[in-house]
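This report concerns a protein model and its ligand.

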Amino acid sequence: MRAFTFEAPATLTDALSLLETHAERAQPIAGGSDLIGLLKEDVVHYERLVSLAGIAALRDCRLNQEGLYLGALVTLAELEHDTRLQGPYRILAEAARGVATPEIRNQGTLGGNLCQRPRCFHYRSALIPCLKKGGAACPAIESPHQHYLAVMGGDGCFCVHASDLAPVLIAMGANVLLEGLSGQRSMLLESFFAGPGQDAQRENVLEPGEVITAVTVPALSEDWRGAFLKARERTAGDFPLVSVAAGFSLVNGVVQQPRVVLGGVAPVPWRSLAAETVLEGQEPSEEVSVRAADAAFSAAQPLAHNDYKVDIGRALVARAIRSVHSV
Ligand SMILES: Cc1cc2nc3c(=O)[nH]c(=O)nc-3n(C[C@H](O)[C@H](O)[C@H](O)COP(=O)(O)OP(=O)(O)OC[C@H]3O[C@@H](n4cnc5c(N)ncnc54)[C@H](O)[C@@H]3O)c2cc1C
């Protein structure tokens, strides 16, 4: 592991100032559960880590009539055990409960979960050049290790976004709040993520020196319900091969405000407008669920060794839609 300087500011202003001053050579760190592994493996190298952990303002977590406000430092364990996350918000606690292991959920934060780097075997090896590390080509296309690779949306690089919270929060219509020295901005969480077509070395639109300060979820109607399902190799502590967050309200027996968002299948959490179009205004049924699931994967272009993810994904989407209002 290469040497770095560790800064522990107590305020956001000081943290942003340190990040701006040291620009490309500095990186924020929260729980460290992802970043430390990458530093140890020499996949990334930063001269300065700026810890956000001591900034009390980033730990705020409140639910009121305006909806949900989650500071970036809220841990996955806190989400998992938050008894206020009921009704339409319950899906978030369920997704947090399925992340990794209790140790990682105690340490890992919401901001870190959304900004975690891909689990692609090739990216995670310092010995293998790849587009994400500034190399000329993606070696994954020729590789048998394609579990954690995309079946859609790949654009030269086929990494997938592994966050379990992102599909759920996008299904809930979440916004993300960003802050840098030049000011604050907010955007829909689904617009925060960026695929390799924009820049193969990044997975989101954070500017250098900018951090996530919070995620907000607008007040959801009382009858909106979501379901989150995840297929993984091992039940304990594993990343998603495919995950799906599906949700909708039932008004007079028909589906309204449907959301279908996939994880583990594309370089960004993948909102399927095609599946949502199938669901909108329909009475839920086995036939509608299957049609929506087919639509969700109609754009799939799997690689040579991961086409099985399309079959798993279709089954998962249909099951999630069926379970939305039976939970
Ligand atoms: C064995 C293992 C299994 C896992 N399984 C799953 C799983 O099943 N599902 C899942 O969703 N995740 C999984 N994870 C990922 C885990 O959720 C993340 O490691 C964790 O949430 C990261 O949070 P952190 O605070 O430790 O981030 P850190 O490691 O501190 O940071 C991760 C990245 O985010 C950046 N960052 C952190 N906070 C901010 C911020 N506020 N603003 C801007 N950038 C920021 C850092 O610079 C860094 O690049 C797993 C991880 C491990 C090690």
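How do the residues of the shell around the ligand divide into nonpolar, polar and charged?

## Composition of the ligand shell

The model is predicted. In it, the shell around the ligand comprises 16 nonpolar residues, 12 polar residues and four charged residues. The ligand is surrounded by 32 residues, and the closest of them are Pro-28, Gly-31, Gly-32, Ser-33 and Thr-109.

Several elements contribute to this shell. At least two residues come from each of β2 (26–29), α6 (110–115) and β8 (211–218). The greatest contribution is that of α6, which provides four residues. At the level of domains, domain 1 (60–115 + 160–218) and domain 2 (226–326) each supply at least three residues of the shell.

For Gly-32, a backbone N or O atom is 2.7 Å from a ligand oxygen atom. For Asp-34, the corresponding distance from a backbone N or O atom to an oxygen atom of the ligand is 2.9 Å. The side chain of Asn-113 places an N or O atom 3.0 Å from an oxygen atom of the ligand.

On its own, the ligand has 960 Å² of accessible area, of which the protein covers 93%.

## Annotated span

The UniProt record, an unreviewed entry, assigns the feature "domain: FAD-binding PCMH-type" to residues 1–222.

## Aromatic pairs

The model contains two aromatic pairs. One of them joins Tyr-148 and Phe-239 in an edge-to-face arrangement, with a centre-to-centre distance of 6.4 Å and an angle of 75° between the planes. This pair connects distant parts of the chain, its members being 91 residues apart. Tyr-148 belongs to the loop between α6 and α7 (165–171), whereas Phe-239 belongs to the loop between β9 (225–231) and β10 (242–251).

## Backbone geometry

Most residues other than glycine have a negative phi. Ala-100, although not a glycine, has a positive phi of about 45°. Ala-100 is located in the loop between α4 (90–97) and α5 (102–107).

Gln-257 is likewise not a glycine and has a positive phi, of about 50°. Gln-257 is part of strand β11 (residues 254–263).

How values were computed:
Residues numbered from 1 in each chain as written. Predicted model: local features only at pLDDT ≥ 70, side-chain atom pairs only at ≥ 80, totals over all residues. Heavy atoms only, no water. UniProt positions renumbered as here; feature names shortened; annotations may be inferred. Near = heavy atom within 4 Å. Polar contact = N/O pair within 3.5 Å; in protein donor to acceptor, adjacent residues only side chain to side chain. Areas by Shrake-Rupley, 256 points an atom, 1.4 Å probe, with all protein chains shown as cover. Nonpolar A, V, L, I, M, F, W, Y, C, P; charged D, E, K, R; others polar. Domains from an automatic or database assignment. Phe/Tyr/Trp six-rings, centres within 6.5 Å; stacked < 30°, edge-to-face > 60°.
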